[in-house]
Amino acid sequence: MAALIQVDGLAKDYQMGSTLVHALRGVTLDIAAGEFVAVMGPSGSGKSTFMNLLGCLDQPSSGRYRLGEQEVSQLSSDELAQVRNRQIGFVFQHFNLLARTSALDNVTLPLLYNHAPLAERDARAKKRLAQVGLAERMDHHPAQLSGGQQQRVAIARALVCDPQLVLADEPTGALDSHTSIEIMALLQQLNHEGVTIVLVTHEHDIALFASRIISFRDGVVVEDKANVPNDAAALLIKT
Amino acid sequence: MNLAATLRVALLALRINKMRSALTMLGIIIGVAAVIVMIAVGNGAQARVEEQIKSLGSNIIMVLSGSVTSGGARGGSGSQPTIFEEDATAMMREIDDIQAAAPTLRASGQVIAGNANWSTTFYGITPEYLEVREWPIAEGRNFETTEMNGSGKVVLIGQTVAENLFGAANPLDQVIRVRKVPLTVVGVLQRKGQSMSGQDQDDTLLMPINTARTRVIGVTQAKSRSVNSIMVKVKDGADMAQAEAHLKELLRQRHRLQPGQDDDFYVRNLSEILQTQEASSKVMALLLAAVASVSLLVGGIGIMNIMLVSVTERTREIGLRMAVGARGRDILTQFLVEAVMLSVIGGLIGIVLGISTALLIAKLAGWPTALSAAAIILAAGFAAIIGIFFGYYPARKASRLLPIDALRYE
């Protein structure tokens, strides 16, 4: 399969006061289109920094990053914004939904920056909300939804621009174990439909739902292995 | 983001914080309303002053008998009669800008009615006099043409004279003795009040010029048609200075004065007083507007304050928007539109409030207010500019956030 992500010697240094922190010390790896990758590691291992670089939220100090056909490590901030809009969907630990704003408007948000016309925005957002099982709750505000439902809205938002890549940063970190499995089932289903997923987690049993597990420590990859994923949907039926 | 979407997002953001938006707008509302009201009050006062000055005769030129030099001794103003009734008719005939010229003879003395007497100034007038002074008759009638031409024994009296000679009684058809000449009162003039120099204009008595000349004052035979002064009214909108120049030229010609020779008449007008008064009321209006502008400025600073708080409070939202594809300029536009929207909505409410307050002031306090479209447009435009000006800094601050820092902000 063609590589969706190619990183080569990717490094990131931060200036923290007077000391230089080497958060990422040269990471080289490929992720193929359609993979479901879990990134693991203790805090400070560089996994979050790696995610931020993959998500074009931050720029590397050195090294190269190729997303699809595009060398993104050299892009301007406006071009990066466009890459984030068109090619990447984000799912965060704390959902990051706009408060006092309906689920539908939350899902529509990325399309506003996509210059999609109003009718198209609504149609696409409704379709994605139906896909995550929230067609009935489009007009609810985040405060009226459970944690799992809020994360589903966030996933619908991540999908609304039809990205090739979904980056999920501890998507189950704020959820109970049953809801976590529901969310993982949803992500697995999306993966089967062809979306490449990179998931950051520090929980081993969550990582086991992925087909590949990459472990970080002190800014380098210490382990990169294939995994036979657990089937989250099957697990839900069992319990 | 297209414009409709931007406006929608901004409106949504303002609606989410209704109370805060309303309080922020309050500054602009009060500022705009204050500007409109202050300018209306200032203009109203200015218009009233102008009207008052006009009623005193701002477009009037006085021509007085001048000095004549004989044997090196220069006589004072009016020492020699040098202007004539014919000068007045010539002015009306030859100078287009002049609406009317009223020659008058003036004298003062004791007037007697019954057992009351009163010392006053009396004038011999032509029909133009009341027109020039814009002085209507309150009771009775004006002089008839036959009375004017044939030195009729009739008289018009001012309110002060009427009060002093007749008290509450009706003065019409009563007889007044002016320098022993009995004259019948045919009319009472409307009250005119004080002149610019503080004289009581109602303390007066008017009679046909021929009556004054032949029966009451008695003018020397040689200069029989001479008068004390000619009051000239310039047409509305005509140039005072130009009319005055034409008038002087005409009089010099008629009086056969050689170039280099002094004028044998004096010319006075009130336009200088008018200019001073206008200037001072303009300064007043400007001052009011300046004070009101300060409150508008303070309102603008309020907007900046709130927008800065809003940017800090919504840092995570900004981070999220950037993560899903907002560019720096999308964020800049959003916050700028929010600020402008606050000031424009505030401005519109302020206009409504300002107009109704101005009307209310006019109605309740009886102050003259003159609403001007220019002031309203100025205030509204200023409000929008303030929104842009004070909204720009917070908006730029928001747009310069790095997505990763904004997302992590606690």
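Colleague: Which way does helix 1 of chain B cross helix 11 of chain B, right-handed or left-handed?
Modeller: Helix 1 of chain B passes helix 11 of chain B in a right-handed crossing. Keep in mind that this is a predicted model.

Colleague: What about the axes of helix 1 and helix 11 of chain B, at what angle do they cross?
Modeller: At roughly 65°, and the axes come within 9 Å. Helix 1 covers residues 3-16 of chain B, and helix 11 covers residues 328-364 of chain B.

Colleague: Which residues make the contact?
Modeller: From helix 1 of chain B, they include Leu7(B), Ala10(B) and Leu14(B). From helix 11 of chain B, they include Val337(B), Met341(B) and Leu342(B).

Colleague: And how do the residues of that contact divide by class?
Modeller: The contact of helix 1 with helix 11 of chain B has nine nonpolar residues, three polar and one charged.

Colleague: Next pair. How do helix 3 and helix 8 of chain B cross?
Modeller: Their axes cross at roughly 130° and come within 11 Å. The two helices are therefore oblique to each other. Here too, helix 3 of chain B passes helix 8 of chain B in a right-handed crossing.

Colleague: Who makes that contact?
Modeller: Helix 3 of chain B gives Asp87(B), Ala90(B), Met91(B) and Glu94(B). Helix 8 of chain B gives Leu247(B), Leu250(B), Leu251(B) and Arg254(B). By class, this contact of helix 3 with helix 8 of chain B has five nonpolar residues, three charged and no polar.

Colleague: Let's switch to chain A. What order do the strands of its open sheet have?
Modeller: The order is 2-1-4-5, four strands with antiparallel pairing.

Colleague: Which strands are at the edges?
Modeller: Strand 2 (19-32) and strand 5 (70-71) of chain A. Each of them pairs on one side only.

Colleague: How many bridges join strand 4 and strand 5 of chain A?
Modeller: Two bridges, in the antiparallel sense. Arg66(A) stands opposite Glu71(A) of strand 5 there.

Colleague: Last topic. How many residues of chain A are in contact with chain B?
Modeller: 20 residues of chain A, and they touch 20 residues of chain B.

Colleague: Which elements of chain A give two or more residues to that side?
Modeller: Helix 2 (77-87) and helix 3 (103-112) of chain A. Helix 2 of chain A gives the largest share, six residues.

Colleague: And the classes on the side of chain A that touches chain B?
Modeller: Eight nonpolar, eight polar and four charged residues.

Terms used: Residues numbered from 1 in each chain as written. Chains lettered and ligands numbered in written order. Predicted model: local features only at pLDDT ≥ 70, side-chain atom pairs only at ≥ 80, totals over all residues. Contact = placed C-beta atoms within 7 Å. Nonpolar A, V, L, I, M, F, W, Y, C, P; charged D, E, K, R; others polar. Axes fitted to C-alpha atoms, helices over the stretch in contact; angles between N-to-C directions. Parallel < 35°, antiparallel > 145°, perpendicular 65-115°, else oblique. Left-handed = near helix turned anticlockwise from the far one by under 90°. Pairing = 2+ DSSP bridges.
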